[in-house]
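Trainee: Please take me slowly through one part of this model, the strands and the helix beside them. I would like to know who sits next to whom.

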Amino acid sequence: MKYIKMGEQQKVYIVFLFVFLLFGSGHGKIPPFWRDTVVTMTNLISGPPLTVHCKSKQDDLGSHVVPFNQFYEFKFQPNFWKSTLFFCSFQWGSESKQFDIFDATRDQDICKDKCKWDIKADGPCRLDKKGPKCFPWK
């Protein structure tokens, strides 16, 4: 049996190709297996409009006013290490609450590429195939 010895230049090309496929080109082109996750929050709190302000360590998505029975959504790419976290504040009337709307350790395997939430006065409820799962405010 004959073994083919790989040259150093070929090794560099293979490593470069692997990194390119894993992380994309850096110019907005993303490999098809690295999908966006979309988080959608529907306001089910009647009364004054809901003001939502979401952030991660890297991104501040700003404040958004969401009327009753309307939604706000954003998209992002979770990281490879399952440490992506988006936290939000929710304000309506005199109430102010906080919640981690996307915590990769909790949500990534359940939501896949779509994470839908109903925002209620007593806490947010994640909607998935098994039905709603409600959480307390932080």
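**A close look at the strands and their helix**

Mentor: Let's start with a pair of strands: E1 and E7 run parallel to each other and are joined by six bridges. Two strands count as a pair if DSSP finds at least two bridges between them. The names come from DSSP runs, numbered from the N terminus: helices are H or I runs of at least four residues, and strands are E runs of at least two.

Before going further, note that this is a predicted model, in which local features need pLDDT of at least 70 and side-chain atom pairs count only at pLDDT 80 or more, while totals for chains, interfaces and linings use all residues. Residues are numbered from 1 along each chain as its sequence is written, and side-chain values use heavy atoms, with hydrogens and water left out.

Back to E1, which spans residues 37–43. Asn 43 has Ile 119 of E7 as its bridge partner. E1 also pairs with E4 (residues 71–76), this time antiparallel, through six bridges; there, Thr 37 is partnered by Phe 76. Six of the seven residues of E1 are buried (under 20% relative accessible area, with exposed meaning over 50% and partly exposed in between, for a 1.4 Å probe and protein chains only). That is why E1 is largely enclosed by the rest of the structure.

Now follow the chain on from E7 (residues 114–120) to E8 (residues 123–128): these two are antiparallel and share five bridges. A hairpin of two residues connects E7 to E8, and Lys 120 is bridged to Gly 123. A hairpin through two residues also leads from E8 to E9. E8 and E9 (residues 131–134) are antiparallel, with four bridges, and Leu 127 stands opposite Pro 132 of E9.

Finally, look at helix H2 (residues 104–111), whose buried residues are Ala 104, Asp 107, Gln 108 and Cys 111. They lie on the same side of H2, because they cover an arc of only 105° around the axis, taken from the directions that run from the helix axis to the C-beta atoms. In general, an α-helix has 3.6 residues a turn, so residues three or four places apart point the same way. What covers the buried residues of H2 includes E6 (95–103), E7 and E8, where contact means heavy atoms within 4.5 Å. Thr 105 and Asp 109 are exposed, on the face of H2 turned away from its buried side. Just after H2, Lys 112 has a positive phi of about 60°.
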